[in-house]
Each structure stands twice: as structure tokens, then as C-alpha cells.
Amino acid sequence: SVPCDMTLEQGDAHEMRPLPPAWDTLWRVSPAATERAIRASVAAHLFDPEAGGFDRHASRQPGCAFLEAGGILVAALAWLYAKTGDATLREQARRIAAWSFRHREPATGLLENNPSPPARWDKNVSTTEVGLWAGCLVQAAAWCEEPAWIEMADQALSAWLRAGFDEASQRFHGCVRVADGLPLTGPKTTPYMPGRWSDPWAPLFPSHDYPMQAAEACLRLHRITRKDIYRASARRWMAVLRQSLPARNGGGACAEHYGRAIHFLLGCARELNEADALPLARSVACEAVTHLGTGGLFRGHPFENRCDAVDGVGILALALLSLQTGTEPETMGFIW
């Protein structure tokens with residue numbers, strides 16, 4: 001491998017994935033450089049700035065407008081608006097959010113995971129990725145005072161929760177068809193496609209399955225709307241976690257998986273007064289320490305003897321601090 005020459009890089013090797021940078025930390029180091037980075041990044045992902053058309057690649061060309069990428073772009077713009085007061089940032093965020101929301105099936109209310117042509121598997125389905133998108137919009141709305149984003153997040157996530165939960169198995173589907181809300185039950189056609197069921201411990205990620213981000217979004221929207229669907233769905237995610245332990249049939253999971261599960265369960269204990277949420281969070285934490293603890297640094301993955309930031313060791317550390325102290329530590333931007 002060779003270093004990337006940024007003077008020649010066209011952006012086609014880059015993807016805007018759901019791993020938000022630590023904007024607050026970077027701002028403390030250099031507000032000017034952080035602002036330039038966000039503005040340049042967003043501009044490079046837009047192929048139609050007026051309509052809000054974006055792509056996961058920084059190529060300024062149409063490609064794959066994944067919900068995960070759109071959510072991160074909206075939240076980054078909203079965060080920078082809160083810092084600068086530049087109304088053009090909020091307006092651009094509105095356009096990007098509207099771009100995803102307009103690709104919504106009227107009959108079901110479901111958002112396409114990827115509305116870009118040509119039609120692939122991810123254009124015709126909706127997954128827990130809508131929960132990640134909804135969570136980003138809720139956080140962005142707090143920074144921008146945009147109630148319309150709360151309404152969009154509410155409509156999109158509640159539609160998915162109604163279609164995505166299977167009463168018989170008490171699990172959430174991996175993919176449901178946007179057209180009719182029915183689940184996909186056939187074999188996966190690509191490794192990045194969710195399986196039959198949404199999996200909190202899927203070893204390949206990001207893979208368009210974000211169960212804990214969807215669960216966190218349920219807590220956020222319950223806090224705002226007080227709707228029963230979000231309380232019920234949070235309880236269902238708790239049950240999914242309980243039934244799925246130990247992770248990977250005892251093989252362990254990545255640090256990010258454990259960290260997000262712990263943080264969600266702490267939210268259930270704090271906000272919903274769920275009596276068994278805290279004991280379950282402690283159980284997940286014990287499993288994480290057993291599989292990932294080395295007596296020093298945490299390894300990012302149980303089968304790799306290294307501490308890799310991309311595996312979410314920081315997320316796990318924050319969650320463990322929250323569990324230990326009973327407080328919400330300062331987080332990196334909109335990480336939850």
C-alpha cells in the first residue's frame with residue numbers, strides 16, 4: 001500500500017459512513033480548520049446543492065444517497081450552524097434532509113435506504129438505517145430549532161417500527177420492502193445487506209443494519225413525543241438484546257456493539273424506569289470486559305489483538321464510564 005496523495009485524490013475511494021468525527025474536540029483545537037473541513041466535506045458530497053442531492057462518495061456525482069450518509073451530513077451542518085449562526089448552513093441541511101424524506105412511499109410511509117438509480121436491493125427496501133437517520137435529524141433539530149425535522153424523523157421511524165417488527169419471533173426484520181412493508185426472506189445478495197433479522201452483533205459493519213442507533217432514536221423520540229410506539233419499541237430492543245446474549249454465541253463482538261448496547265440500556269433505565277435495564281447493562285459490560293479486556297487497553301475485536309479506534313473502543317469507554325459513574329459523560333458530537 002502507498003500513502004494517499006491528496007493533491008490527486010478525486011474522492012471516489014471515500015465514503016461518508018456513520019462515524020461522526022469529534023467535532024467539539026476539533027473545534028477546541030482549531031475552529032477555523034474545523035469549519036473549513038465541514039464546509040469542504042459537505043460541498044464535495046453534493047451533486048445538486050439546490051435540491052439537496054448528495055452521494056456517499058466525495059465526487060460531486062450521483063451515486064448512492066444512503067440514509068446513513070445524509071444523516072451525518074445534516075447533523076454536521078446543523079452543528080456548525082449552532083457554532084457560527086450562518087443561516088446558509090441550516091438551509092443546506094434542510095435540503096439534504098428533504099432529499100431523503102421525499103423518497104418516501106406514500107402507501108407505507110417507508111423511506112428508501114438508497115433512492116439513487118439504478119435500482120439495487122437497497123433502493124427497494126428500508127432497514128434500521130432509518131433509525132440512524134432519524135437520530136441524526138433529532139439531534140440536528142436541537143441545534144437548529146427545526147421542529148420539521150422532528151416530524152420527519154417521527155413519521156419515518158414510526159413507519160419502519162410498525163412494518164419492521166415480527167410479532168411471532170419478537171424480532172425486527174433485516175429488510176422490509178418499501179412498496180408494501182413486507183419482509184425480505186431470501187438469501188443475502190451482498191455482504192453489506194442485512195440478514196433475515198436485524199442483528200445487534202453483526203460482525204461486518206457498517207452494513208446498513210443499525211439496531212442500536214434505531215433503539216437510541218426510539219428513546220430520543222419518546223422523550224420528545226411521549227408516543228407509546230417508542231416506549232414499546234425500546235422495550236422490544238431490550239428483549240432482543242437479552243435473547244441474543246452472549247454475543248455471537250459466546251464468541252464476542254466489536255467494542256462499538258457492546259458500547260452502544262450498554263448506553264442504550266442505561267437510557268432505558270434512566271428514561272423509561274425499566275427495572276431490568278441496569279442489570280442487563282452490567283451483564284453486557286462484564287461480557288465486553290471479558291472478551292475485549294487485556295489488563296490495559298481494550299482490543300477492538302475479540303479475534304484481533306489490537307486497539308483499533310474504528311472498532312469503537314472510544315464508544316465502549318464512554319459507555320463504561322457512564323455505567324460506572326451514573327452520569328452521561330461528554331460525548332463526541334452526536335455519537336449516540
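**View 1. Asn113 and the residues packed around it in the chain fold.** Setting aside neighbours within four places in sequence, Asn113 is in contact (heavy atoms within 4.5 Å) with Ala65, Phe66, Leu67, Asp122, Val125, Ser126, Thr127, Glu129 and His208. This is a predicted model, in which local features need pLDDT of at least 70 and side-chain atom pairs count only at pLDDT 80 or more, while totals for chains, interfaces and linings use all residues. Residues are numbered from 1 along each chain as its sequence is written, and side-chain values use heavy atoms, with hydrogens and water left out. Asn113 sits in the loop between α4 (87-101) and β3 (125-126); helices (H or I, at least four residues) and strands (E, at least two) are DSSP runs, numbered from the N terminus. Is Asn113 buried or exposed? Asn113 is buried, at a relative accessible area of 0%; buried means under 20%, exposed over 50% and partly exposed in between, using a 1.4 Å probe and protein chains only. From there, the Asn113 side chain reaches over to the backbone nitrogen of Thr127 at 3.1 Å.

**View 2. Glu68, a buried residue in helix α3****.** Glu68 has a place in helix α3, and its relative accessibility of 0% makes it count as buried. Which residues does Glu68 touch, not counting those up to four places away in sequence? They are Arg17, Pro18, Glu129, Leu132, Pro206, His208 and Tyr210. Two of these names come back in other views: His208 is also among the contacts of Asn113, and Tyr210 is one of the residues closest to the centre of the largest cavity.

**View 3. Trp133 and the largest nonpolar core****.** A nonpolar core is a set of buried Ala, Val, Leu, Ile, Met, Phe, Trp, Tyr and Cys residues joined through side-chain atoms within 4.5 Å. The largest one here has 90 residues, and those touching the most other members are Trp133, Trp149, Leu157, Trp237, Tyr258, Ile262 and Phe264. Helix α3 (residues 67-84) is the top contributor, giving twelve residues to this core. Zoom in on Trp133 and, leaving aside neighbours within four places in sequence, you find it in contact with Leu67, Gly70, Gly71, Ala97, Ser100, Phe101, Leu111, Met152, Ala153 and Ala156.

**View 4. The largest cavity and its lining****.** A cavity is a set of points on a 1 Å grid over the protein atoms alone where a 1.4 Å probe fits but cannot get out, and lining residues have an atom within 4 Å of a point. Points are joined across faces, edges and corners, and a volume is the space filled by probe spheres set on them. How many cavities of 30 Å³ or more does the rule give? It gives three, and the largest holds about 180 Å³ of space. Its lining has 17 residues, with Asp209, Tyr210, Gln213, Glu256 and His257 closest to the centre. By type, the lining splits into ten nonpolar, three polar and four charged residues; Ala, Val, Leu, Ile, Met, Phe, Trp, Tyr, Cys and Pro count as nonpolar, Asp, Glu, Lys and Arg as charged, and the others, Gly among them, as polar.

View 5. Most residues other than glycine have a negative phi, and most peptide bonds are trans. Against that background, the peptide bond from Leu245 to Pro246 is cis, with omega near 0°. Asn249 is no glycine, yet has a positive phi of about 55°; at 80% relative accessibility, Asn249 is exposed. Asn273 counts as exposed, with 64% relative accessibility.

**View 6. Lys83 on helix α3****.** Lys83 is partly exposed, at 39% relative accessibility. Leaving aside neighbours within four places in sequence, its contacts are Asp24 and Trp27. Leu26 is 57 residues from Lys83 in sequence and 13 Å away in space, C-alpha to C-alpha.

**View 7. Gly195 in the loop between β6 (176-177) and α7****.** With a relative accessible area of 25%, Gly195 is partly exposed. Gly195 touches Gly174, Cys175 and Lys188, not counting residues up to four places away in sequence. Cys254 is 59 residues from Gly195 along the sequence and 18 Å away in space, C-alpha to C-alpha.

Key
A polar contact is a pair of N or O atoms within 3.5 Å; within protein, one must be able to donate a hydrogen and the other to accept it, and residues adjacent in sequence count only if both atoms are side-chain atoms. On a 1 Å grid over the protein atoms alone, a cavity is a set of points where a 1.4 Å probe fits but cannot get out, and a pocket is an open set with protein on both sides within 12 Å along at least five of seven lines; lining residues have an atom within 4 Å of a point.
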